[in-house]
Each structure stands twice: as C-alpha cells, then as structure tokens.
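Take a look at the fold first, and then we can walk through it topic by topic.

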Amino acid sequence: MAKLLKGAPVSAALDQKTAERAAALRARGVIPTLAILRLGERSDDLSYERGAAKRCGQTGIEVKHIVLPSDVDSGVFFQTLDQLNEDPAIHGILMFRPLPPHLDEDTARRRLRPEKDVDGCTDGSLAGVFTNTKRGFPPCTARAAMEILRYYGIDPAGKRAVVIGRSLVVGRPAAMMLMHGGATVTICHTKTPDVPQIAREAEILLAASGQMESVGAAYLQAGQTVIDVGIAWNPSKEKLCGDVRFEEAEPMVDAITPVPGGVGSVTTSVLAAHVAEAAERAAE
C-alpha cells in the first residue's frame, strides 16, 4: 500500500513560514498585500478566491478584492491593471483567467508586471522558471507539487522523472523545476507514442494532462512516487478524481498524492508565500 502524500501538513509548514515572514514585514511597517482581480462571477473563480483570501488572512497577508463586470470595457480593464501595477502598497496580483473573449489575454499577461505576478502567468515569470532565477514567480500548482516532494524528503536529484502534460500552468514549469532539482525529465503529451511504456520507467511520475483517470496500472510500477495534479468531478462515482486511477495505483506504487487533499490543497499556501516574498523583494 502506497504512502499518502497529503497536502495538509505541507500547507501547515508553508503557512507557518509565511506567517513569520509577514509578521517580520509588518514590524518594518510593510503590510504584504494581494490584489485579486476578478471579472464576473464564475463559480470556480469564486471558490478559489474564497480559499485564497482565507489562507492569506491566516498568514497575515492583506487582500484587496477588485471585481469588474465580465463585459467590462477593455480600456477600463487595462487601466485597472495598470493602477495595480503602479500601486506600491500592492505586492502581488492574482488575475483570474481565462479572461472574457473580448479582452486580449496575451496583452494582459504582458502588461502584468512579473514582480507582482504571484500566480506565475506572465512570460517574465515563466522565463524565471526556465532560467532558475528570481524573476517573477512559478505557477502555484507547479510549485505546490515540488513543495510536496520537498516536505516528504523525496529528492529528485539523479532520478528519472516523467511529466504527463505540457501546459504552461503545470507541465512545462514542473518539468523545469524537476530538472533544476537534478532529475532527468521526459515530458509526454498528446503526440508522444506509447506513453505508458515511458511512464513505467519513471521514478517520479507527475500526471498533469487534465484527462480524468487516464493513468492506470499500465503506466505504473513498484517504487514510483506519483504526483497527481488533476482534479475533476466524476459523475459516475459522485466524487472528485484526479488524472490517476487511484484504486489501481495505490497497491502498486511507493507513494501517491490523494485527490482531493493533495496538490490542490497546497496551492493557496504557495500563493500566500509568493505574496510575502514579493513584499520582501519590494522592501529591499
């Protein structure tokens, strides 16, 4: 039976450090502050906003909510974004995406300053991930996966890692972070032949394809660590499931993140940590 890599203790450890950093900043007269920029009332955005605001409140991070209508004029939207960029009291900006179709998301990503991009969506932040430098911040979910490995003492150095999925949100940045950690990394995607065979060779397997329960026994081997990034509602089972078929993986592999309660539960803690770090950088 696999060891469960639960996210709760990882979040608790991160939150404690963030709270200490936030307290030290406040002692210097700096109030670490996150601006959440949301357009419209999408249920998934509202759910994440509530979780992020709660986590920030628990760790001493101030939150400002900026809500615009989904049909907001392009000029008003970009003026709002520019004001947040220029406001020295705002250290991090969480811009919910996707933006409504009438707004150019590429322009918005380029407009958002990397030093305030605590969710890792700008080209500058992604460049920082690829060069392993402190320019911007990595995407929160990708860093959450790495924090789980770090917390449970699973060192990627010298290991073979396979990442299923090549998105800029998780797959590619997670692959780069694993590589910076010393792993030899293979990225699999929709054009990769015989993904199960490649996945079986992994010592660390990160599933981030967004295809619910697409990774089963044929992808797995004894001794693996499996990081399941996916999360979706399975109507036939009436529960949340990941990209990995948990009931097939748990008896086979060495360690696995549960869904829910794994990677997803760490992301808001990473977001709060990024805001504290952004405030520290600004104070310097």
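Let's begin at a loop: D194 lies between β6 (184-188) and α8 (195-200), where helices (H or I, at least four residues) and strands (E, at least two) are DSSP runs numbered from the N terminus. The model is a predicted one, in which local features need pLDDT of at least 70 and side-chain atom pairs count only at pLDDT 80 or more, while totals for chains, interfaces and linings use all residues. Residues are numbered from 1 along each chain as its sequence is written, and side-chain values use heavy atoms, with hydrogens and water left out.

**Backbone points to check**

- Phi of D194 is positive, near 50°, although the residue is not a glycine.
- D194 is partly exposed, at a relative accessible area of 44%; buried means under 20%, exposed over 50% and partly exposed in between (1.4 Å probe, protein chains only).
- N132, another residue that is not a glycine, has a positive phi of about 60°.
- The loop between α5 (123-131) and α6 holds N132, and this residue is exposed, with a relative accessible area of 53%.
- R97 and P98 are joined by a cis peptide bond with omega of about 5°, and P98 sits in the loop between β4 (92-95) and α4 (105-111).
- V259 and P260 are also joined by a cis peptide bond, here with omega of about -5°; P260 belongs to the loop between β11 (255-256) and α10.
- As background, most residues other than glycine have a negative phi, and most peptide bonds are trans.

**Overall build**

- The protein has 10 helices and 11 strands.
- Its radius of gyration is 19 Å, close to the 19 Å that the globule rule gives for 284 residues, so the protein is as compact as a globular protein of that length. The radius is taken over C-alpha atoms, and the rule is 2.2 Å times the number of residues to the power 0.38.
- Along the principal axes, the C-alpha atoms fill a box of roughly 50 × 40 × 35 Å.
- Of the 284 residues, 51% count as buried.
- Taking contacts between residues at least 6 apart in sequence, 71% join residues at least 24 apart; a contact means heavy atoms within 4.5 Å.

**Surface and charge**

- The protein exposes about 12,800 Å², and carbon and sulfur atoms supply 52% of that area. Accessible areas come from the Shrake-Rupley method with a 1.4 Å probe; for residues, only the protein chains shown count as cover.
- The 32 positive and 35 negative charges have mean positions 3 Å apart. Lys and Arg count as positive and Asp and Glu as negative, while His and the chain ends are not counted; each charge is placed at NZ of Lys, CZ of Arg, CG of Asp or CD of Glu.

**Helix α6**

- Helix α6 (residues 140-151) is mostly covered, with 9 of its 12 residues buried.
- Among the buried residues of α6 are R143, M146 and E147.
- The cover over the buried residues of α6 includes α1 (7-27), α7 (171-180) and α10 (264-283), along with β7 (204-207) and β8 (225-228).
- G153, which follows α6, has a positive phi near 70°.

- A8 is found in helix α1 and is exposed, with a relative accessible area of 54%.
- Leaving aside neighbours within four places in sequence, A8 is in contact with G261 and S265.
- A8 and G264 are 256 residues apart along the chain, and their C-alpha atoms are separated by 10.0 Å.

Notes: The expected span of a helix is 1.5 Å times one less than its number of residues.
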